[in-house]
There are 2 protein chains.
Amino acid sequence: MDFVNELRKRGNRITNAREVVCKILETSGHEHFTVEELHKLALKKDKSIDLATVYRTLELLENINLIEHSHQAHGSGLYFLKEAYSNIHIVCESCDDIADLDQATSKKVNKLIKNKTDFKEITNHFVYTGLCKKC
Amino acid sequence: MDFVNELRKRGNRITNAREVVCKILETSGHEHFTVEELHKLALKKDKSIDLATVYRTLELLENINLIEHSHQAHGSGLYFLKEAYSNIHIVCESCDDIADLDQATSKKVNKLIKNKTDFKEITNHFVYTGLCKKC
DNA sequence: TTTACTGCAAACGCTTTGCACCCAC
DNA sequence: GTGGGTGCAAAGCGTTTGCAGTAAA
C-alpha cells in the first residue's frame, strides 16, 4: 500500500508534509498513533510541519479509507492503519497498552449488539477501555 | 434512591444547586443527560446555578456511584443514572436516538472481548455510534 | 500561471481550575 | 465561626478554521 501514490492517483498534490506523514504511517511499524506522536515524529524530518497540517493530512487519508480514527476518554484521538484496523481496540487504563480484537470477534460483538437493539449498523468510532492482566 | 440523602450520609453539604441537580436527575424520567441539558433544566429552577457547579455536582455523584458518564465522538459527555446504566449505549449518528443494551447482553459482549484479549476487565466509558432502523 | 496546500495564529467546544465570597453546618 | 461549596472568570486541552503566502502542477 503506497499512501503517496493513492494521493497522486486522486489528483492531490504531493507536498513534503504529506510525504513525511505518509512515510511515518507506512514504515514506522506502529499500528496506532496519537496525533502528537505523529507530529513529533514528523518534526524530526521537517521541523516546520504544523500540527494543523498533520490533522488535515490525517483527515484526507481517512477520507480515502487508508486510515481510521477513534476517540479516547482522555487525551487525543488515536489513528489506525486501515489494514491493521479490526474495528475494536482496547486501551488499558493503567499502562496504556492497546489490544486489537480480530475481525471475526469484532463482527461477532457487533452482531450481538445489533440483534438486541433496533440498530442496523454499528459505526463504532471508539476505543474500549479496560484493565490488562499485568495491571 | 434518594441522591440528596446519600450526600447527607456522606457528610456533604446540601446546597440549593445540589438539591436542584439531584431532583432533575431523579424525577425528570430521563435516563441520560448531556451536561448542557442538565444545566438548562437547573437554570429554570435557579437561574444562578453555574455550569461549573453542575460539573462538580456530577463528578461528586459519580464518585458515590449514583451516576456514570460516557463520552461521545462529538459534543459533550453523556450522564446516566446508575440504576438505568447497562454498560453499553448506542447513539444513532443520524437522529441522536439512544438505545440501551440490557445488562445480560452487555455482559456477554464484555465476556467475548475478554476471552479474546489479555484484558481482565472492561471499563468501557464510551457510547457506541451506529445507525438505527429509521435512519 | 493557477490554485491546492501550507504555517501561523486565533477561535472553537467542552471541561477544569483559581479565587474570593458565602452559607450550611 | 469555620471551611465546604459557590459563581465567576480565566485557563486548559484537543481540534478546527481563516487567512495570506508558497510551491506543486
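Trainee: Where does A:Asp50 sit relative to DNA strand C?

Mentor: This is a predicted model, and in it a backbone N or O atom of A:Asp50 lies 3.3 Å from a phosphate oxygen of DNA strand C.

Trainee: What part of DNA strand C's atoms within 4 Å of the protein is sugar or phosphate?

Mentor: 71%, and bases make up the rest.

Trainee: And which residues come nearest to DNA strand C?

Mentor: Out of 20 around it, A:Thr15, A:Arg18, A:Thr53, B:Tyr55 and B:Gly77. By class, that surface has seven nonpolar, seven polar and six charged residues.

Trainee: Which element gives the most there?

Mentor: α4(B), with four residues. α2 and α4 of chain A supply at least two each as well.

Trainee: OK, switching to the protein contact. How much area do chain B and chain A bury?

Mentor: About 3400 Å², 67% of it on carbon and sulfur atoms. Each side is counted separately: 36 residues from chain B and 36 from chain A.

Trainee: Which element has the largest share of chain B's side?

Mentor: α5(B), with seven residues. That side divides into 17 nonpolar, ten polar and nine charged.

Trainee: How do β7 of chain A and β6(B) run, parallel or antiparallel?

Mentor: Antiparallel, joined by three bridges. A:Cys132 has B:Phe119 as its bridge partner in β6(B).

Note on methods
Residues are numbered from 1 along each chain as its sequence is written. Chains are lettered from A and ligands numbered from 1 in the order in which they are written. This is a predicted model: local features need pLDDT of at least 70, side-chain atom pairs count only at pLDDT 80 or more; totals for chains, interfaces and linings use all residues. Side-chain values use heavy atoms; hydrogens and water are left out. A residue is near a molecule or strand if one of its heavy atoms lies within 4 Å of it. A polar contact is a pair of N or O atoms within 3.5 Å; within protein, one must be able to donate a hydrogen and the other to accept it, and residues adjacent in sequence count only if both atoms are side-chain atoms. Ala, Val, Leu, Ile, Met, Phe, Trp, Tyr, Cys and Pro count as nonpolar, Asp, Glu, Lys and Arg as charged, and the others, Gly among them, as polar. Contact means heavy atoms within 4.5 Å. Buried area is the accessible area (1.4 Å probe) that two parts lose on being put together, summed over both. Two strands pair if DSSP finds at least two bridges between them.
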